[in-house]
Amino acid sequence: MASFEPIVVLYGSSKSISVINLRLPVSFVIASDEATLEDLTTSNPQLSDICLQRYFVILLEAVSDEVLEHLEINHRIQVIYSQDASNCASGRPKLHRLINKQLQQFTLDLTADIVHFFTIEGEKQTKLERLDLVKVYYRQARLLKEWAMSFVKAEPCHILVIPLNCSRENLHSAKERIQKLCINLGYPSIIIRTLDNYIPSNNEEKSCLLPYSQALFNHEHPQYICELIKKLSPLRLYLYGNDEFISSGWSNLMISSETHVMEDEDNWCSFIENEYIDDEIKWNFRSLFGEKWQIKRLAPINLTELNKHLRFQSALRRAYKTFSHRQFEVTSKIFEWYDSCIREGFLHIEPKLSIQEKHETENNKIPAIVAYSKCIVQNPSSFDYHQKTKSKGISCIWLDEILNSSNNYLDQIIEPFQWHFFDNVLQCISYIENQLREQNEIFLIASGTLGYELFLTAYRLMAAIRYVYIYCSQLGLQGNWIKYYRQIRGVFNDSLTLGEKLKPDFEQIYQSQHEENSEEQSVLEITSEKSTSLKSIDDQTLISIPIIVYNPEQPHEFMAHQRTIDTLLCLPHTDEAHAIMIEEFRRIYSDNEATLAEIDIFAQTYHSNSAIQWYTRDSFLFRLINKVLRSSDVEMMFKLRYFLTDLYVQLDDLYKQTRTLYNTPKYEKLYRGQLISKTEFEYFKQLQNHIISINTFLSTTASLQIALAFVNGSWNNIDFIPIVFCIETNSYVQHKRPYANISNFSIYRDEEEVLFAMGSLFRIQSIEKLDRMNNIPVIYLQMIDQQELDESYGQSHSKTIDRPAICSSTNFCDLSIKTCSIPCKVDFINVKYEPFSQMEREQKDRVLLKNNLGELPYKHCPKCRTLIEKYAGCNAMKCTQCGTAFCWRCSLMHDKDVHYHYGEKNSPCYNQCFDEASNTQ
């Protein structure tokens, strides 16, 4: 009893064969010329052969008509594939298909033909009752199917265009316009599909975008298929038209499952219009088509305005970021669905061995309820961005199966806050995550059973909560698991003992937050050189982002701050600097035992490579660093230089790694959402087209949705308004402070946090509204090149003075005191003023920092107008530019020395050799 073995024959030159990347499901042979091709396919088998070959011929190059006819009449050849469309005529039944240009799809086509061959042969052998051979054929067919599906993946897209009541011409035109728009936004590899791309058809040239697509569409509930398609296309655009009906049933299903418009970046949709829409249709769209839709807001966006839409740009960036994740997630879901169908008997992986009547299709369909409960695709984002939360503060949560209220004693302890009760762990987790995102301190009381479940379910999240109390009736039962979680403050079975533990913890946090808020109100300020009237603004407003504004007419303080940062980074990174930093930490927090314990841990475990991890923690370090940088406290910056340098350098290394390993776009938009005072907002309006420097390390996010989540919380103070900063970066800018995505170092990795280094420079471009339906102002900042600022500074500076210079007055004075006979006051001769070159390292570093920050007094040389800064010594100065000696107090000039000036009784500077004068003139 002979059997058949399928063989693939590849015909073509060595060049054409070497460049093709094709998976083959069975054995293959190669024919490089027509003679070899004919010999292979016409050779007669031996009588003793029990395995007969059947050929599937792939013509990578054209053959002569004569050879083609020979192949056509050869009964051993099952199918012939050709790249020449002229060969696929209706009179040539074996040439039923072109070689699909998508080689993955061609592999599926080839495999399907071989599976069909085995199935037909199995049916023939069934009639002959050769059941053993039938089993072999059917098993081979099944394994080939599994092999083909093992490398087929669901094909996602970045944008899915779904036609509503529009024509096909309108649909194609809209797709082309969106393609060009996305290319202009910096996305040249954008993948845009239309809904019909995912729907199977009889067109053999159409690629398969879903594994098991035929089985899926024949046996699954349509609503579940819509969920899969939505998962593959997180950015969906529903296209308006002028037709009086929606022709596609799948379009109706897709739109009827939508719930929100332009909100969730992982599930973002909007309505668009590409052509002029008749007013009667446009303004009556809901009554005409959408009475049963869940969406309430149907206003379309014109394609000409789509590229200016920040929500669209942010969702498009997110679609790129999650592309591969969505592909693997949906592929695995479909594979799980297929395996489940096989196990439950809804699908059969092998044909039946006996001839049976075919069942009706609906008998094999999976019930809709089962499909929905077992196969529905969950939203990957566990954070509910639509939920409104309170502003920063304290959140008190109670998780218990029975209790839904507390007694007055526990209520009074947490005043003015209230308990939030939950009896469901998943709902509680969602609320906890929401509160942590708002940076609220959480006090959690949980029953023993639900508390245990909560820690097992969300351990990583629970690690961020410092105060957890287990409240249950039986104390002994909880001892086995609570010992592993140090944040659990104890197990209690009555409210009095619970309150005794809760009260001091709560009062400590409440008082510390109140003090920190008071400090921030007094510390946060804007430094500006534009006019002195800005100081009055600083005194009456809360400035949430400390900035310095560049004024070309008086640039010295702005440039001094930039030089301070550069000098700080050049200071020696020594053990002495580390010791000074730790000592300063302990001095500041000497009366706080909890923080001192945290400082001990920091001193023992800190490494330069962990600077970002420490900075992203909610700890003393983050608060102190920001306080110092906001106030531009040069003394504290010097003492904390060890950590500031580490943080800056690690951020710079991360920036360079990202640019080296990943193909980052030229332009990228980052966002920061926050509340600012109305006074501050009015001030920002005056700063359009001005250059600003950020004093601190600036935290932003790549997601507009997350930025909006920080400003959508409830806020009762009418003096504050929510705003969004939109920062446009440019990878082609050569001279800039580093910035990098640090989400891998954060507890909230899906926030996509991007951190800018201190001293980053931006230009305030404009202030606009977010969109027509949202009144939130957006302040647009553009990254600028440091060199541009240096050139501007050099041009304006050269008009008045030369490059600033430090006069070594201490060196001059030191020499004069030791050798000259000029009558300096005797009391000052014993005063020690060392020359700069002989100063200790730390003292020299301090001098350089003060000089660069602009804290040293400076004046112009009365002769050559060179800017001179005085860091120590007496008032007898000598210009390093022209050599003129002069008095710092009265500007008296002399060729060699002015010390005699301080010994003359009629001099205005009598006995004032070491008396400091005003800083500037």
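Is R586 buried, partly exposed or exposed? I looked it up: R586 is partly exposed, because its relative accessible area is 37% (buried means under 20%, exposed over 50%, partly exposed in between, with a 1.4 Å probe and protein chains only).

A note on the source: this is a predicted model, where local features need pLDDT of at least 70, side-chain atom pairs count only at pLDDT 80 or more, and totals for chains, interfaces and linings use all residues. Residues are numbered from 1 along each chain as its sequence is written, and side-chain values use heavy atoms, with hydrogens and water left out.

**Entry: salt bridges**

I searched the whole structure and found 18 salt bridges (a side-chain nitrogen of Lys or Arg within 4 Å of a carboxyl oxygen of Asp or Glu).

I then checked R586 and found its side chain in a salt bridge with D600, at 2.9 Å from N to O. This pair links distant parts of the chain, with R586 in helix α23 and D600 in helix α24 (residues 593–605), 14 residues apart. Helices here are DSSP runs of H or I with at least four residues, strands are runs of E with at least two, and both are numbered from the N terminus. D600 is partly exposed, at 31%.

Next I looked at R587, which pairs with E584, the closest N and O atoms being 2.4 Å apart. Both lie in helix α23 (residues 575–588), three residues apart, about one turn of the helix. E584 counts as buried, because its relative accessibility is 6%.

My last pair was E728 with K669, at 3.6 Å between the closest N and O atoms. E728 sits in strand β21 (residues 720–730) and K669 in strand β18 (residues 667–677), so the pair ties together parts 59 residues apart in sequence. I also noted a network, in which salt bridges that share partners join E227, K230, R236 and E258.

**Entry: backbone**

I read up first: most residues other than glycine have a negative phi, and most peptide bonds are trans. Then I found a cis peptide bond joining E415 and P416, with omega about 10 degrees. P416 is in the loop between α15 (408–413) and β12 (419–422).

S891 has a positive phi, near 70 degrees, and belongs to the loop between β30 (885–887) and β31 (893–894). N911 also has a positive phi, near 60 degrees, and lies in the segment after β31.
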